[in-house]
Structures are given as structure tokens and as C-alpha cells.
Amino acid sequence: MGGFSYKDIYIEDGKRVLEVNILPEKHCNFDCIFCPIGRSYNKVDTPQSFDEIDNSLIELESMIENNKVELVFINSKGEALVNNKIGDIIDLIKSKGIPVRLLSNGYILGRDKYIQIANKCAEVIGEIKAISEEDFQKIQRPIEGYTLEEYISNMILFNKQYKGKFILEVTIIKCYNDTEESINKIKNVINKLSPDKIIIGRINDERFMKKLGISDKRLYEISKVLLNI
Ligand code: SF4
């Protein structure tokens, strides 16, 4: 039934979290070389319509009602904002009195129609991976014409007017953004963005760890620097 998929309910900070994917297959404006979902055959940044949305909404409603959910986390196969019904999905969840956390890679958060949608959410997660233009194009393979500068300024623009909790996820990637110079650049971006919370991670998909993963020690050192800003 429907095109959404769910993780088992889990507890986070004492709250029952329902994590939902609202894309039937991967749709993303990037095609990262380390993407855990695989290649982006649908590289898009405009609203897309999907089948069976009515059934999916009914299913989501009953998932919320039957599981005493306290937070819904929209974490999709790609960029959830391109589902043309995302506004209705968020409205439905909020009509049940449940807050929404939305994961976006952050690039299109600077566009008006997506700003309005993301503003409905209590929490929005944006991401930083590559920190030079060359690496952004090489390892995140975005839609043609995208630039790292615009990526960062879109998130800054969004967060300047956003009233909710903006969370920045930074992924450290071996040989791409793990040098002192890169960490300084990331620090500058964090200062400009002023997120409410920062999460530092690394590539931990087994298929890419050997080439792109950093050690526990390096992750600790970098986290100390970035989290003490
Ligand atoms: S932004 Fe995320 S979902 Fe999109 S290609 Fe990159 S890793 Fe995959």
C-alpha cells in the first residue's frame, strides 16, 4: 500500500520517533559518489508527482495514530522536498499535533517555494560535505550549474529567516575535507550559518569506508575543533 516506507519506531531523547521515506525511488539533485542509496537516475530539483499519494497519506495517518508517535522525521531516498505533496504531508502530520523534522541536503532551501514548506517544520537538517568547488563537482555531482558558493548561501538565506531548529550535518571525507585548511573553511561556513546544532559524521558505509573513511582519532580531533566554535 502506498509509496512511503518506514523504519521501526525508535526512542530519541525520550520521544517516540517515526522515520518516513516519502520517495518511492531515489530522486536527488546530487549524485554523490558515496551515496548509500546508489546512483541518481532521477537528478531533479523541481516538484515531482508520484502515484498512490492518497493511499500513502492514509497509511501515514494510521502509522502516527497506532504508534503513539511524538516526532515524525522525513528522511527520504534523496531530496524529500521534490515530492510535490510534501506540503500536504507535513500539514497532515502537524494536524495530529506532531512536530516534523525534515532532512534536506540543503541546496534548494534558498528557493521561495521550498522555504515556505521547510518553514512548516520544527527542525530542518542541512548538510555540508565537500568544501571546495572542485570537490563539490567531483564527489557530489550536482545538477549542472550548481555551485558550492550558492549551496552555502542558500542555507544561510534559509536559516536567517527560519524560526525552528536548524541542524547542520557535516560529513568528514578522507582526502577531501579532512585537512586543517578544509576544517578552517568548514568552521567559517558554520560561523556564517549559525546552526542550532551541529552533527559531525564520517562515511560509514562499508563499501566506501576504506577509501573515504577517517579514523576514530581524526574524527574526534575534528569534532573537538568544530563543536567548540
Ligand atoms: S545528497 Fe544524499 S541522497 Fe543525494 S546523492 Fe548525495 S548522499 Fe545521496
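In this predicted model, a residue counts as buried when its relative accessible area is under 20%.

Q: Which residue of β7 stands opposite Ile128?
A: Strand β6, residues 123-128, pairs with β7 in the parallel sense, and six bridges link them. Opposite Ile128, the residue in β7 is Val170.

Q: Which residue in β8 is the bridge partner of Val170?
A: Strand β8 covers residues 197-202 and runs parallel to β7, with six bridges joining the two. Within β8, the partner of Val170 is Ile200.

Q: What is the handedness of the β-α-β crossover from β7 to β8?
A: Between β7 and β8 the chain passes through helix α6, residues 180-193. The crossover made this way is right-handed.

Q: How many of the residues of strand β3 are buried?
A: Strand β3 runs over residues 15-21, seven in total. The strand is largely enclosed by the rest of the structure, because the buried residues number five of the seven.

Q: In β3, which residue is the bridge partner of Ser5?
A: Strand β1 consists of residues 5-6 and pairs with β3 through two bridges, in the antiparallel sense. The β3 partner of Ser5 is Asn21.

Q: Which residue in the turn between β2 and β3 has a positive phi?
A: Strand β2, residues 10-12, is joined to β3 by three bridges and runs antiparallel to it; Ile11 is bridged to Arg16. The two strands form a hairpin with two residues between them. The turn residue with a positive phi, of about 50 degrees, is Asp13.

Q: Where does the ligand sit?
A: The residues surrounding the ligand include Lys26, Cys28, Phe30, Asp31 and Asn105. As for its location, the ligand sits in the largest pocket.

Q: How many residues of the shell around the ligand are charged?
A: The surrounding residues also include Cys32, Cys35, Ile37 and Gly78. The shell divides into five nonpolar and two polar residues, and the number of charged ones is two.

Key. Residues numbered from 1 in each chain as written. Predicted model: local features only at pLDDT ≥ 70, side-chain atom pairs only at ≥ 80, totals over all residues. Heavy atoms only, no water. Near = heavy atom within 4 Å. 1 Å grid on protein atoms, 1.4 Å probe; cavity = no way out; pocket = protein on both sides within 12 Å on 5 of 7 lines; lining within 4 Å. Sits in = over half its atoms within 2 Å of the grid points. Nonpolar A, V, L, I, M, F, W, Y, C, P; charged D, E, K, R; others polar. Pairing = 2+ DSSP bridges. Helix = DSSP H or I, 4+ residues; strand = E, 2+ residues; numbered from the N terminus. Right-handed = clockwise from strand over helix to strand, strands pointing away. Buried < 20%, exposed > 50% of the residue type's maximum accessible area, 1.4 Å probe, protein only.
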